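The following note is intended for a colleague who meets this structure for the first time. Please read the numbered points alongside the sequence and the model.

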Amino acid sequence: PIIYKGKLIGVLDSEHSDYNFYNQTHIDLFQLASCMLSSIIYDSQQKKNLSPHQRFKEFKSLLIDKELFLQNDLNKKTISNLLGLSSQYLSKIISQFSDKSFPEIVNELRIIKAKKLLIDRSFSTCSISELSYEIGFSSKSSFNRAFKKHTQLTPREFKKFVLIFKKAKN
(Lines give C-alpha, C1' and ligand atoms only; values in the text may rest on other atoms or scores of the structure.)
Protein backbone atom coordinates (compact mmCIF):
# COMPACT_ATOMS: atom_id res chain seq x y z
CA PRO A 1 0.00 0.00 0.00
CA ILE A 2 1.02 3.62 -0.59
CA ILE A 3 -0.15 5.59 2.42
CA TYR A 4 0.08 9.36 2.90
CA LYS A 5 -0.99 10.97 6.17
CA GLY A 6 -2.84 7.80 7.17
CA LYS A 7 -4.80 7.63 3.93
CA LEU A 8 -4.46 4.96 1.24
CA ILE A 9 -3.59 6.71 -2.03
CA GLY A 10 -2.35 3.81 -4.13
CA VAL A 11 -0.89 0.34 -4.28
CA LEU A 12 2.40 -0.97 -5.61
CA ASP A 13 1.58 -4.16 -7.41
CA SER A 14 4.05 -6.58 -8.90
CA GLU A 15 3.78 -10.10 -10.19
CA HIS A 16 6.36 -12.68 -11.12
CA SER A 17 5.89 -15.93 -13.01
CA ASP A 18 7.88 -17.88 -10.38
CA TYR A 19 5.89 -18.91 -7.32
CA ASN A 20 7.18 -17.27 -4.08
CA PHE A 21 9.75 -15.27 -6.04
CA TYR A 22 9.63 -12.24 -3.75
CA ASN A 23 11.52 -12.47 -0.47
CA GLN A 24 11.68 -10.13 2.54
CA THR A 25 14.33 -7.94 0.88
CA HIS A 26 11.96 -7.33 -2.05
CA ILE A 27 9.11 -6.53 0.33
CA ASP A 28 11.33 -4.11 2.27
CA LEU A 29 12.33 -2.37 -0.99
CA PHE A 30 8.68 -2.06 -2.04
CA GLN A 31 7.82 -0.55 1.35
CA LEU A 32 10.74 1.88 1.08
CA ALA A 33 9.67 2.90 -2.44
CA SER A 34 6.10 3.35 -1.18
CA CYS A 35 7.26 5.66 1.61
CA MET A 36 9.52 7.67 -0.70
CA LEU A 37 6.86 8.07 -3.38
CA SER A 38 3.82 8.73 -1.21
CA SER A 39 4.16 12.53 -0.96
CA ILE A 40 5.07 12.84 -4.66
CA ILE A 41 2.06 10.77 -5.71
CA TYR A 42 -0.22 12.68 -3.32
CA ASP A 43 0.96 16.06 -4.67
CA SER A 44 0.49 14.83 -8.23
CA GLN A 45 -3.04 13.66 -7.49
CA GLN A 46 -3.89 16.99 -5.86
CA LYS A 47 -2.62 18.94 -8.86
CA LYS A 48 -4.93 16.97 -11.15
CA ASN A 49 -7.84 18.36 -9.16
CA LEU A 50 -6.85 22.00 -9.59
CA SER A 51 -9.28 24.19 -11.47
CA PRO A 52 -8.04 26.20 -14.47
CA HIS A 53 -8.19 29.34 -12.29
CA GLN A 54 -6.02 27.67 -9.64
CA ARG A 55 -3.61 26.62 -12.40
CA PHE A 56 -3.40 30.24 -13.58
CA LYS A 57 -2.66 31.39 -10.03
CA GLU A 58 0.02 28.69 -9.79
CA PHE A 59 1.49 29.95 -13.10
CA LYS A 60 1.60 33.56 -11.87
CA SER A 61 3.01 32.50 -8.52
CA LEU A 62 5.78 30.53 -10.20
CA LEU A 63 6.73 33.51 -12.34
CA ILE A 64 6.57 36.08 -9.55
CA ASP A 65 7.56 34.26 -6.35
CA LYS A 66 10.47 32.39 -7.93
CA GLU A 67 11.26 35.38 -10.19
CA LEU A 68 11.52 33.09 -13.19
CA PHE A 69 10.61 36.06 -15.39
CA LEU A 70 14.22 37.23 -14.92
CA GLN A 71 15.58 34.29 -16.94
CA ASN A 72 16.48 35.50 -20.41
CA ASP A 73 15.83 32.09 -21.97
CA LEU A 74 12.42 31.66 -20.32
CA ASN A 75 9.74 30.20 -22.56
CA LYS A 76 6.27 28.74 -22.28
CA LYS A 77 7.55 25.17 -22.61
CA THR A 78 9.84 25.57 -19.59
CA ILE A 79 7.01 26.93 -17.46
CA SER A 80 4.51 24.32 -18.64
CA ASN A 81 6.99 21.55 -17.77
CA LEU A 82 7.47 22.99 -14.29
CA LEU A 83 3.70 23.08 -13.84
CA GLY A 84 3.22 19.58 -15.27
CA LEU A 85 1.04 20.90 -18.09
CA SER A 86 1.21 20.85 -21.85
CA SER A 87 2.17 24.13 -23.55
CA GLN A 88 -1.20 24.14 -25.30
CA TYR A 89 -3.12 23.83 -22.01
CA LEU A 90 -1.02 26.58 -20.45
CA SER A 91 -1.81 28.84 -23.44
CA LYS A 92 -5.51 28.09 -23.01
CA ILE A 93 -5.37 28.96 -19.30
CA ILE A 94 -3.46 32.19 -19.97
CA SER A 95 -5.94 33.32 -22.62
CA GLN A 96 -8.87 32.37 -20.35
CA PHE A 97 -7.67 34.44 -17.38
CA SER A 98 -5.59 37.19 -18.93
CA ASP A 99 -5.89 39.59 -21.82
CA LYS A 100 -2.11 39.29 -22.30
CA SER A 101 0.00 36.66 -24.00
CA PHE A 102 2.80 34.76 -22.25
CA PRO A 103 5.54 37.10 -23.57
CA GLU A 104 3.47 40.17 -22.61
CA ILE A 105 3.03 38.89 -19.05
CA VAL A 106 6.76 38.16 -18.74
CA ASN A 107 7.74 41.55 -20.18
CA GLU A 108 5.32 43.37 -17.89
CA LEU A 109 6.90 41.69 -14.84
CA ARG A 110 10.36 42.58 -16.16
CA ILE A 111 9.40 46.22 -16.62
CA ILE A 112 7.94 46.41 -13.10
CA LYS A 113 11.24 45.03 -11.79
CA ALA A 114 13.24 47.46 -13.97
CA LYS A 115 11.29 50.43 -12.61
CA LYS A 116 11.95 49.30 -9.04
CA LEU A 117 15.65 48.91 -9.77
CA LEU A 118 15.84 52.29 -11.50
CA ILE A 119 14.19 53.93 -8.50
CA ASP A 120 16.56 52.18 -6.10
CA ARG A 121 19.62 54.35 -5.39
CA SER A 122 22.02 51.44 -5.78
CA PHE A 123 21.03 51.14 -9.41
CA SER A 124 21.20 54.86 -10.22
CA THR A 125 24.71 54.31 -11.65
CA CYS A 126 23.78 51.12 -13.48
CA SER A 127 23.76 51.38 -17.27
CA ILE A 128 20.59 50.66 -19.21
CA SER A 129 22.33 47.78 -21.02
CA GLU A 130 23.36 46.17 -17.73
CA LEU A 131 19.87 46.58 -16.38
CA SER A 132 18.25 45.07 -19.47
CA TYR A 133 20.32 41.89 -19.12
CA GLU A 134 19.80 41.80 -15.35
CA ILE A 135 16.03 41.59 -15.78
CA GLY A 136 16.06 38.97 -18.52
CA PHE A 137 16.03 40.83 -21.83
CA SER A 138 18.41 39.51 -24.45
CA SER A 139 18.99 42.91 -26.02
CA LYS A 140 18.89 46.56 -25.05
CA SER A 141 16.63 47.41 -27.99
CA SER A 142 13.94 44.87 -26.99
CA PHE A 143 14.13 46.21 -23.43
CA ASN A 144 13.73 49.80 -24.66
CA ARG A 145 10.69 48.86 -26.80
CA ALA A 146 8.99 46.97 -23.97
CA PHE A 147 9.77 49.69 -21.42
CA LYS A 148 8.36 52.44 -23.65
CA LYS A 149 5.25 50.35 -24.36
CA HIS A 150 4.54 50.01 -20.62
CA THR A 151 5.58 53.44 -19.37
CA GLN A 152 5.44 55.77 -22.42
CA LEU A 153 9.04 56.68 -21.53
CA THR A 154 12.37 55.25 -22.54
CA PRO A 155 14.40 53.74 -19.68
CA ARG A 156 16.82 56.67 -19.93
CA GLU A 157 13.98 59.21 -19.67
CA PHE A 158 12.53 57.31 -16.71
CA LYS A 159 15.95 57.21 -15.02
CA LYS A 160 16.38 60.99 -15.50
CA PHE A 161 12.87 61.60 -14.15
CA VAL A 162 13.65 59.51 -11.05
CA LEU A 163 16.93 61.35 -10.45
CA ILE A 164 15.22 64.76 -10.80
CA PHE A 165 12.42 63.66 -8.47
CA LYS A 166 14.92 62.41 -5.86
CA LYS A 167 16.89 65.69 -5.99
CA ALA A 168 13.69 67.73 -5.66
CA LYS A 169 12.58 65.59 -2.73
CA ASN A 170 15.84 66.22 -0.83
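1. The model discussed here and below is a predicted one. S34 belongs to helix α1, which covers residues 24-48.

2. The surroundings of S34 deserve a separate remark. Leaving aside residues up to four places away in sequence, S34 touches P1, I2, I3 and L12. With P1 there is also a polar approach: a polar atom of the S34 side chain lies 2.7 Å from the backbone oxygen of P1.

3. Helix α2 comes next. It comprises 14 residues, 52-65, and from its first C-alpha to its last it reaches 19 Å, close to the 20 Å expected at 1.5 Å a residue. Just after α2, E67 adopts a positive phi of about 50 degrees.

4. Which residues of α2 are buried? They are R55, F56, F59, L62 and L63. These residues lie on the same side of α2 because the arc they cover around the axis is only 125 degrees. K57 and D65, on the other side of α2, are exposed.

5. F56 counts as buried because its relative accessibility is 10%, and F59 counts as buried because its value is 0%.

6. Aromatic pairs were searched for across the whole structure, and eight were found. For F56 and F59, the ring centres are 5.8 Å apart and the planes stand at 40 degrees, so the pair is tilted. Ring pairs also join F56, F59, F97 and F102 into a cluster.

7. A further pair is formed by F137 and F143. The centres of their rings are 5.4 Å apart with the planes at 55 degrees, so this pair is tilted. Both F137 and F143 are buried.

8. The largest nonpolar core contains 17 residues. Within it, F59, L63, L74, I79, L83, L90 and F102 touch the most other members. At least two residues of this core come from each of α2, α3 (76-83), α4 (87-97) and α5 (102-119). Apart from it lies another core of 14 residues, including L117, L118, A146 and F158.

9. What does L83 touch, if residues up to four places away in sequence are not counted? Its contacts are R55, E58, F59, L62 and L90.

10. Helix α5 closes the note. Its 18 residues reach 26 Å from first C-alpha to last, close to the 26 Å expected at 1.5 Å a residue. Buried in α5 are F102, I105, V106, L109, R110, I111, A114, L117 and L118. The buried residues of α5 pack against α2, α3 and α4, and also against α6 (128-134), α7 (140-151) and α8 (155-169).

Note on methods. Residues numbered from 1 in each chain as written. Predicted model: local features only at pLDDT ≥ 70, side-chain atom pairs only at ≥ 80, totals over all residues. Heavy atoms only, no water. Helix = DSSP H or I, 4+ residues; strand = E, 2+ residues; numbered from the N terminus. Expected span 1.5 Å × (residues − 1). Buried < 20%, exposed > 50% of the residue type's maximum accessible area, 1.4 Å probe, protein only. Arc of directions from axis to C-beta. Core = buried A, V, L, I, M, F, W, Y, C linked by side-chain atoms within 4.5 Å. Contact = heavy atoms within 4.5 Å. Polar contact = N/O pair within 3.5 Å; in protein donor to acceptor, adjacent residues only side chain to side chain. Phe/Tyr/Trp six-rings, centres within 6.5 Å; stacked < 30°, edge-to-face > 60°.
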